[in-house]
Amino acid sequence: KNVPGVRLGFRAGSTEVTFTRCSGANSKVGVWINGNRVQIANHNIALTMVSPSDIQAMEIYRGVAEIPGEFLEDSCAAIVIWTR
């Protein structure tokens, strides 16, 4: 929650992650778990696939210029999760 340009929103039973540099109808946030791209269009749904207690490390890339080549496909931001 302390990453500049990343906002957390809370609704009944869910959390929504948004990126200020990555907004708009065609904007995609890529989610990667243990080096594999999660093929779900809505990144907030993809994030529910991992229990917080299983996360060992998380990398947040807020824009295209920050995303390393191995995670740069068609997204304007990326969340990379490594589990135990």
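**Close-up views of a predicted model**

**View 1. The largest nonpolar core.** This core has 15 residues, and Phe19 and Ile79 make the most contacts inside it. A nonpolar core is a set of buried Ala, Val, Leu, Ile, Met, Phe, Trp, Tyr and Cys residues joined through side-chain atoms within 4.5 Å; buried means under 20% relative accessible area, exposed over 50% and partly exposed in between (1.4 Å probe, protein chains only). At least two core residues come from each of strand 2, strand 3, helix 1 (43–47) and strand 6. Helices (H or I, at least four residues) and strands (E, at least two) are DSSP runs numbered from the N terminus. The model is predicted: local features need pLDDT of at least 70, side-chain atom pairs count only at pLDDT 80 or more, and totals for chains, interfaces and linings use all residues. Residues are numbered from 1 along each chain as its sequence is written, and side-chain values use heavy atoms, with hydrogens and water left out.

**View 2. Surroundings of isoleucine 79.** Leaving out residues up to four places away in sequence, isoleucine 79 touches Val17, Phe19, Val29, Gly30, Val31, Trp32, Leu47, Met58, Glu59 and Ile60 (contact: heavy atoms within 4.5 Å). Another core, of six residues, lies apart from the largest one and includes Trp32, Ile67, Ala78 and Val80.

**View 3. The disulfide.** The count of disulfides is one, where the two cysteine sulfur atoms must be within 2.5 Å. The bond joins cysteine 22 to cysteine 76, with S to S at 1.6 Å. Cysteine 22 sits in the loop between strand 2 (14–19) and strand 3 (29–33), and cysteine 76 in the loop between strand 5 (55–61) and strand 6 (77–83), so the pair ties together parts 54 residues apart in sequence. Both cysteine 22 and cysteine 76 are buried.

**View 4. The aromatic pair.** One aromatic pair is found in the whole structure. Rings of Phe, Tyr and Trp (its six-membered ring) pair if their centres lie within 6.5 Å; planes under 30 degrees apart count as stacked, over 60 as edge-to-face and the rest as tilted. Tryptophan 32 and phenylalanine 71 are edge-to-face, because their ring centres are 5.2 Å apart and their planes stand at 65°. Tryptophan 32 counts as buried at 5% relative accessibility, and phenylalanine 71 counts as buried at 6%.

View 5. Strand 1 (residues 6–11) pairs with strand 2 in the antiparallel sense over six bridges; pairing requires at least two DSSP bridges. Leucine 8 has valine 17 in strand 2 as its bridge partner. Two residues separate the strands of this hairpin, and glycine 13 in the turn has a positive phi of about 80°.
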